[in-house]
Amino acid sequence: MAEVTLIDALTMAMAWELEHDARVVILGEDVGVNGGVFRATAGLQQRFGEDRVYDTPLAEGMIAGVSIGMATQGMRPIAEIQFMGFIYPTVDQIINHAGRFRNRTRGRLTCPMVLRAPYGGGIHAPEQHSESTEALFAHMPGVRVVIPSSPTRAYGLLLAAIRDPDPVIFLEPKRIYRLNKQEVEDNGKALDLDVCYILREGSDVTLVTWGAMTFETMKAADQMSRSGIRCEVIDLASISPIDYDTILESVEKTGRLVIIHEAARTCGVGAEIAAIVAEKGMYDLKGPIRRVTGYDVVMPLYRRELDYMPSVKKITDTIRQTLDD
Amino acid sequence: METIADFEIQYSQFLGPDGKPSADMPEFAKDPEALIDLYRQMTETRVFDTKAINLQRTGKLGTYASCLGHEATHVGIAAAMQEDDVLAPSYREYGAMLYRGVKMSEILLFWGGDERGSDFRGPKGDFPFCVPIGTQCLHSAGAAMAFQLRGEKRCAVSMNGDGGTSEGAFYEAMNIAGARKLPVVFMVINNKWAISVPIESQTASQTLAQKSVATGFPGIQVDGNDIIAVKHWVERALQRGRNGDGATLIEAVTYRLSDHTTADDASRYRKKDEVEDAWKLEPLLRMRSYLTDLGVWDDDKEQQLLDEAAEKVDAAVQEYLNTPKPPIEAMFDYMYEELPDFLEEQRQQAIEYGDTNGGKHG
């Protein structure tokens, strides 16, 4: 079994699916010979040919629109958007078409496609390369939003996304593309969508997070454990739809909830989780729900980007406040 | 300085507004029966359109976009297509949709506020009505990409208006179609008006056909009120696509004789004289005149056609009016292949609170 990084795992998943499903094609900017700016598609064009893995002209709305057109006619496109900051021209196509085709035609035409994009800060990237705007897509009916947090999860969730009969926005935390390696068996086994994953069991406080923030959150949980505090850490993974059952069961056990995300706070996905727990788990709570998030400001350029993002200290301080309530 | 690129745009018309041939007729147009069939389709479309407006005026249909004046363009495009080609319409191309087997009652259902109107019983692969302007051009390029990848001899056709040529999606779709030699035909239906904005405010381009020049494939302008020209050139364009020669843009010049929709009043922004002049160019009259000159058409046949069309339309109207509202839960049941757990609770709520808003709509 190979030890691979998150980005290697994505490449493996796409290669598996290209190999096993003739309907699968990859398209995007620089995904061909160059293998993508982060090398997620490295070697795939050489292996599967220009028909299956190809560079498109530079127009993101077009990439989404033609992917939709292909998907409705029986293909399984995987489209890459180079950075989250360039994803917004696709919004017209995603909200007006990808998320609507099945419904508006009563199931006659469907849209099984994946739109992949790296997201999040922490890699010293230029302006408009570091935002976390997953909540925009979580607000759109008819599409799934999925974020992996490890090589294992990246492999299994991307396979699941490609095989899903409905459109999936697959957002990749680029800060952890090469942060660590895991043994990932290249066996074509998909993980379940629409569920979250418990990274660490605990009984004192529930920490819900996703993407790269799982690393800071796990570190925070480690530090807390030295003071005898047992944190349960949940990797949300499925940003839309959200697996509320697992979160509510955890909160029933711990009575305390802290949500950690890199994205700005207002109307973030954390707000929705907090609202649902308030609606359905209020009487299990021993204190207020807290959020540790990015600020409601424009993401700073990289000299200050780390100060925008939640730190381990900010997470542990918030956990302590929550336990003191 | 030297000229390093040059282009010219051809214009084609076979049947003039006076009903007289203005060029040598293409082969298919030498068969009067074929022309009668096209005339019949155009007439049925107009009868349907007139009825739909009446339904809206009497409160039996929502806002409706009339296709008055576009019949030759719409029917001509579909008549050129093969059954397994795919059409990506905008929202007023009923002549094309009906020809391809969409039911009149389905069109009425769509404008009557019912998603089942886009669940075509006929052309299963055709795209539904597309309201966000120009976005369907990308779907036709994508469909063409699917056909090309699978090695199928099929083409996609999108229908976009003059206003739609200002949209990025239109150019982006043509650009990739050029770059990848996709089997797609971009129809630009230039009816001179995008709601209240005339073509002169839309672009300084001399023709819309030349918009293809920058994307590397041919564009041609045809008289969109001459169904023979439309059918002929769309057939040629489709053949190009099927032969692997790539995309074509066809600008069909016609005129929107109606308001933009039933919610619009075109007299606010355009001159009566202009509309009166446009009526002199309309597509049905010239074909009727030509068929009469050929000795294959007369007033009796015309009356019989109108009666039959009215009967057909009335039956469709009855089918539409007799279609009960969709069940409340249908708004949930086609969101995903399988309903995610979190939507189940909302679905139950919707059923429980169904009709508590009075249920007056529809």
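The model is predicted, so local features require pLDDT of at least 70 and side-chain atom pairs count only at pLDDT 80 or more, whereas totals for chains, interfaces and linings use all residues. Residues are numbered from 1 along each chain as its sequence is written, and chains are lettered from A, with ligands numbered from 1, in the order in which they are written. Helices (H or I, at least four residues) and strands (E, at least two) are DSSP runs numbered from the N terminus.

**Contact between chains A and B**

- Chain A contributes 36 residues and chain B contributes 33 residues to the contact, where two residues are in contact if their C-beta atoms, placed from the backbone, lie within 7 Å.
- On the side of chain A that touches chain B, two or more residues come from each of α3 (60–72), α4 (91–98) and α5 (101–104) of chain A, and α3(A) gives the largest share, nine residues.
- By class, this side of chain A has 13 nonpolar, 15 polar and eight charged residues; Ala, Val, Leu, Ile, Met, Phe, Trp, Tyr, Cys and Pro count as nonpolar, Asp, Glu, Lys and Arg as charged, and the others, Gly among them, as polar.

**Domains of chain A**

- Chain A is divided into domain 1 (2–184) and domain 2 (197–324), with bounds that come from an automatic or database domain assignment.
- The C-alpha centres of domain 1 and domain 2 of chain A lie 26 Å apart, and the contact takes 26 residues from domain 1 and 24 residues from domain 2 of chain A.
- On the side of domain 1 of chain A that touches domain 2 of chain A, at least two residues each are supplied by α6 (134–138), β6 (144–146) and α7 (151–163) of chain A, the largest share, four residues, being that of α6(A).
- That side of domain 1 of chain A comprises twelve nonpolar, eight polar and six charged residues.

**Local backbone features of chain A**

- A:Ser240 and A:Pro241 are joined by a cis peptide bond with omega of about -5 degrees, and A:Pro241 is found in the loop between β12 (238–240) and α9 (244–254) of chain A.
- A:Arg106, a residue other than glycine, has a positive phi near 55 degrees and is found in the loop between α5 and β5 (114–119) of chain A.

**The sheet of chain B**

- Six strands of chain B form an open sheet in the order β1-β7-β8-β4-β3-β2, with parallel pairing; two strands pair if DSSP finds at least two bridges between them.
- β1 (11–12) and β2 (86–88) of chain B stand at the edges with a single partner strand each, so one side of each is left without a neighbour in the sheet.
- β2(B) runs parallel to β3 (residues 156–161) of chain B and is joined to β3(B) by three bridges, with B:Val86 opposite B:Ala156.
- Helix α5 (residues 135–149) of chain B lies across β2, β3 and β4 (184–190) of chain B, at about 170 degrees to β3(B); axes are lines fitted to C-alpha atoms, for helices over the stretch in contact, and angles run from 0 to 180 degrees between N-to-C directions.

**A helix pair in chain B**

- The axes of α4 (residues 104–111) and α11 (residues 299–321) of chain B come within 8 Å and cross at roughly 45 degrees.
- The contact involves B:Met104, B:Ser105, B:Leu108 and B:Leu109 of α4(B) with B:Val313, B:Ala316, B:Val317, B:Glu319 and B:Tyr320 of α11(B), giving seven nonpolar, one polar and one charged residues by class.
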